[in-house]
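Hi,

Here is the structure I said I'd pass on.

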Amino acid sequence: MENAIEVSGLRKSYGDYEAVRGIDFTVRRGEVFGLLGPNGAGKTTTVEILEGYRARGEGDVAVLGFDPEQRPRAMRERVGIVLQSTGIYRHVTVREVLEHFGSLYPAPRAVDEVIGLVGLTGKEDQRARRLSGGQLRRLDLALALVGDPELIFLDEPTTGFDPAARHAAWDTIRSLKALGKTVLLTTHYLDEAQELADRVAIIKDGRIIVEGSPTELGAASGPYRIAYRADNGDGTFVVHETDDPTALLHELTERALASGTRLEGLSVTRPTLEDVYLELTADA
Amino acid sequence: MREPSLAGMIWRQYRLERRMFWRNPSAAFFNFLLPLLFLALFGAVFSAHQKDLNVIVPGIAGMSVVSTTFTALAYNMTFLREQGILKRIRGTPMPSGAYLGGIALSAVTNTIIQVGIVTVAGKLFFGVDWPRDWGELVVYVAVGVVCFAGLGVAFSHAIPNFESTAAYVNAVFLPLIFVSGVFYDSAKAPRFLRDIAEALPLVHVIDGLSGAMVKGTGLGHNAPGLGVVVLWGAAGLWLAARGFSWESRRN
Ligand SMILES: Nc1ncnc2c1ncn2[C@@H]1O[C@H](COP(=O)(O)OP(=O)(O)O)[C@@H](O)[C@H]1O
Ligand SMILES: [Mg+2]
């Protein structure tokens, strides 16, 4: 079995509203896969179907080879879940709750190791009600990791974090990959997907619009842009688009040299994932 | 690499519930003080009348069965659901039965503590002797606990959000304890109130507790009443399982 997750033709409606409209993707073992999309795109719906919380409407899904809708215990033992929003007991300490959740799994990770992994060292004996929002989110991650799962779902793990906390969380997620875990991450932050994901699917209105590695997505989306300042002196830019920047650059520079102009502000750019994301998710 | 056993999971959940219970002092305080407060108040009012005290003590014991199971579980389940804790638990390997088992056992522990407090207070302060029929006491507490625990979980499904829990629970709890003869001898109530009470489980639980604690009438004396409690219990458990939802409804 090669793939951790396989999804094909997945659809899901709430009443008459179709939140997921036929999506396909696979997540390979050991990779970080990003589902990137704006609010309401259908990310949580998709992930919760894979986690076994919701029945799918149509299509086929397999998670570690299991049908998540059956919620087999063998699957739940190998999957860790960080939900988009959930609470936790208020009157227990970080260590107590991690020990408790760890005891539900056949081969839990050491609690101290998990606490270190998520950066809650020093908060072991703090009760949950005294933790800040960011610390609670780290506890969410710790609770998802304590069973030592091979597949981890992270639904918007850093939403609401300040930049420092976000970077710390990114480091934790990178270390999961180093541990050989498979991660399915949803986010509406482009930079997060770019930083963390090996492959990204951009989802909007329940459909996957484009999928690939962050660099592939940038490249596949369009031609190179070559720009320089026009020499009429009013500061406007001349922009060329081409699939063969080498040839065009050669031609432009040859002409410039011949005519003695300078191609001020010359740049060669390629659309980044950001350009794709903004273009594709912009409301027409 | 062994799968944790079901019994082990129930036990660990139970222990966690107990720890959390004692760490929330206001909840623990009200839980144990309320029946004592009622006992003290009514005991003071009726202090001269042993006949009335003989009604009040098993009545308060019956009320304790309801408040530690029905009321507590309706609150707890609504809170856990709204906080997303049920949803989180559902994502772990713990079977729902183990989780609910741990919570229910914790509720039953409170029932036993409260009925114990009422029994001891009855002996020490209110002239009610030690229970005459321990077997009957155990049976009625056990059947009452299962019945009201099931009904409490089932009722939590009808509560739309945590803020309205108190209103919903009291709308059932207060009329129930009044019609069921917690504070007076239900045999002396008007006919129509008695008919309503007889159709509900609490009056029969109190009747059984009274038989066990005061009258020594034996288990057989109210078999039809025990049947009513069992029927309500079966309905409660069925509804509890059937309507179970791990997340709050969207509105
Ligand atoms: N339980 C639900 N009932 C009805 N509509 C829902 C429910 N959950 C999500 N939706 C709707 O489905 C769409 C997709 O939601 P969601 O999957 O949460 O998107 P995302 O996680 O990408 O923000 C939204 O329009 C949302 O309002
Ligand atoms: Mg979401």
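Predicted model: local features only at pLDDT ≥ 70, side-chain atom pairs only at ≥ 80, totals over all residues.

Together, chain A and chain B bury about 2,900 Å², and 56% of that is on carbon and sulfur atoms. If you want to pick out residues on the chain A side, go for A:Tyr53, A:Arg73 and A:Tyr89, which supply 23% of the area that chain A buries against chain B, more than any other three residues.

Next, the polar side of that contact. Between chain A and chain B there are 19 residue pairs in polar contact, counting pairs with both residues at pLDDT 80 or more.

Now the salt bridges. The structure holds 33 of them over all chains, and the count between chain A and chain B is six. Side chains of opposite charge can pair when their charged atoms come close. A:Arg73, already mentioned for its share of the buried area, forms a salt bridge with B:Glu3, and the closest N and O atoms there are 3.8 Å apart. Another salt bridge links B:Lys87 with A:Glu48, this time with the closest N and O atoms 2.6 Å apart. B:Lys87 sits in helix α4 (residues 85–90) of chain B and A:Glu48 in helix α1 of chain A, so this pair joins two chains.

That helix of chain A brings us to a sheet. Helix α1 (residues 43–51) of chain A lies across β1, β2 and β4 of chain A, and runs at about 120° to β1(A). Those three strands form an open sheet in the order β2-β1-β4, with antiparallel pairing. At the edges are β2 and β4 of chain A, each of which pairs on one side only. From one strand to the next, the twist averages 20°.

Here is how the strands of that sheet line up:

- β1 (residues 3–14) and β2 (residues 17–28) of chain A pair in the antiparallel sense over nine bridges.
- Along this pairing, A:Glu6 stands opposite A:Thr26 in β2(A), while A:Lys12 has A:Val20 as its bridge partner.
- The hairpin of β1(A) and β2(A) has two residues between the strands, and A:Gly15 takes a positive phi near 60° there.
- On to β4 (residues 58–63) of chain A: five bridges join this strand to β1(A), and the two run antiparallel.
- A:Ser8 stands opposite A:Asp60 in β4(A).

Further along chain A there is another open sheet of three strands, in the order β11-β10-β12, again with antiparallel pairing. Why does one side of β11 and of β12 have no neighbour in the sheet? Both strands, β11 (237–242) and β12 (267–269) of chain A, stand at the edges with a single partner strand each, so one side of each is left without a neighbour. The twist in this sheet averages 20° from one strand to the next.

Strand β10 (residues 224–229) of chain A is joined to β12(A) by three bridges, and the two run antiparallel. If you'd like one pair to look for, A:Ile226 stands opposite A:Val268 in β12(A). A helix goes with this sheet too: α9 (residues 245–259) of chain A lies across β10, β11 and β12 of chain A, running at about 20° to β10(A).

Happy to go through any of this with you.

Cheers

How values were computed:
Residues numbered from 1 in each chain as written. Chains lettered and ligands numbered in written order. Heavy atoms only, no water. Buried area = accessible area lost by both parts, 1.4 Å probe. Salt bridge = Lys/Arg side-chain N within 4 Å of Asp/Glu carboxyl O. Polar contact = N/O pair within 3.5 Å; in protein donor to acceptor, adjacent residues only side chain to side chain. Pairing = 2+ DSSP bridges. Helix = DSSP H or I, 4+ residues; strand = E, 2+ residues; numbered from the N terminus. Axes fitted to C-alpha atoms, helices over the stretch in contact; angles between N-to-C directions. Contact = heavy atoms within 4.5 Å.
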